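Visitor: I have the sequence and the model open. Please show me how to read the features, one at a time.

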Amino acid sequence: MKTYKQNPIGTFDKYFEGILVAHCISTDAEFVAWCEAGNTPTPYVPPALTVADYIAATQMHLDAQAQAWGYDDLKSACTYVGDPYPRFAAEALALRNWRSQVWAYLDSTSAAPLPEVLPTVAQFIALLPTAPTRPLVE
């Protein structure tokens, strides 16, 4: 029996007796004929997010803020805490304190039971403490 399953990139995988035999796009003549015969491809269902996914998204969010301020990542920015150049020291302190707030917030919520419907990564990031405003130091 021939079936089609949508894959993560939006094209379709063709299976025969459960074995992947080809990839196709929605305009492929054989696929179109199969659909016109009343068949429906199995939609792609992304895997459920894991705790590791949320942790990675959190770190990427932290690093993105530091990168927006011109640092390689948050770890790099934090090396400037106590720097003799006032702007670098102030930015590093603001980012380090925010990092602590973010991870402390997640630590305080880690014992709570998971909700039945997990938030998207964007919804999860929106729950985190707000990124600091870049300090203005001359």
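Visitor: Where is the place of Ala90?

Guide: Ala90 sits in helix H4. Helices (DSSP runs of H or I, at least four residues) and strands (runs of E, at least two) are numbered from the N terminus. Before we go on: this is a predicted model, where local features need pLDDT of at least 70, side-chain atom pairs count only at pLDDT 80 or more, and totals for chains, interfaces and linings use all residues. Residues are numbered from 1 along each chain as its sequence is written, and side-chain values use heavy atoms, with hydrogens and water left out.

Visitor: Why is Ala90 partly exposed?

Guide: Buried means under 20% relative accessible area, exposed means over 50%, and partly exposed is in between (1.4 Å probe, protein chains only). Ala90 has a relative accessible area of 22%, so it is partly exposed.

Visitor: Which residues is Ala90 in contact with, beyond its neighbours within four places in sequence?

Guide: Contact means heavy atoms within 4.5 Å. With those neighbours left aside, Ala90 is in contact with Pro135 and Val137. Tyr85, in the loop between H3 and H4, has its C-alpha atom 9.8 Å from that of Val137, 52 residues apart along the chain. Tyr85 is partly exposed, because its relative accessibility is 42%.

Visitor: How do I check the span of H4?

Guide: Take 1.5 Å times one less than the number of residues. H4 has 24 residues, so it should span 34 Å; its end C-alpha atoms are 35 Å apart, which agrees. H2 has 18 residues and reaches 26 Å between its first and last C-alpha, close to the 26 Å expected.

Visitor: Which residues of H4 are buried?

Guide: They are Ala89, Glu91, Ala92, Ala94, Leu95, Trp98, Val102 and Leu106. The cover over them includes H2, H3 and H5. In H2, the buried residues are Tyr54, Ala57, Thr58, Leu62, Asp63, Gln65 and Ala66. These pack against helix H3 (74-78), H4 and H5.

Visitor: How many residues does the largest nonpolar core have?

Guide: In soluble globular proteins, nonpolar side chains tend to be buried together. A nonpolar core is a set of buried Ala, Val, Leu, Ile, Met, Phe, Trp, Tyr and Cys residues joined through side-chain atoms within 4.5 Å. Here the largest has 17 residues, and Ala66, Tyr71, Leu74, Leu95 and Val102 have the most contacts inside it. H2, H3, H4 and H5 each give two or more residues to this core. Its largest share, 5 residues, comes from H4. A second, separate core of 5 residues includes Phe12, Cys24, Phe31 and Trp34.

Visitor: What is Tyr71 in contact with, leaving aside neighbours within four places in sequence?

Guide: Its contacts are Ala66, Ala77, Tyr80, Phe88, Glu91 and Leu95.

Visitor: What is the volume of the largest pocket?

Guide: Rolling a probe the size of a water molecule over the atoms shows where empty space is left. On a 1 Å grid over the protein atoms alone, a pocket is an open set of points where a 1.4 Å probe fits, with protein on both sides within 12 Å along at least five of seven lines; lining residues have an atom within 4 Å of a point. Grid points are joined across faces, edges and corners, and the volume is the space filled by probe spheres set on the points. For the largest pocket that gives about 510 Å³. Its lining has 19 residues, with Tyr54, Leu106, Thr109, Leu114 and Phe124 nearest the centre. Helix H2 (51-68), helix H4 (86-109) and helix H5 (121-127) are the elements giving two or more residues to that lining. H4 gives the most, with 5 residues.

Visitor: Where is Lys14, and is Lys14 buried or exposed?

Guide: Lys14 is in strand S2 (residues 12-16). Its relative accessibility is 18%, so Lys14 counts as buried.

Visitor: Which residue has a positive phi although it is not a glycine?

Guide: Most residues other than glycine have a negative phi. Glu17 has a positive phi of about 55°. Glu17 lies in the loop between S2 and strand S3 (19-24). Just after H2, Gly70 also takes a positive phi, of about 100°.
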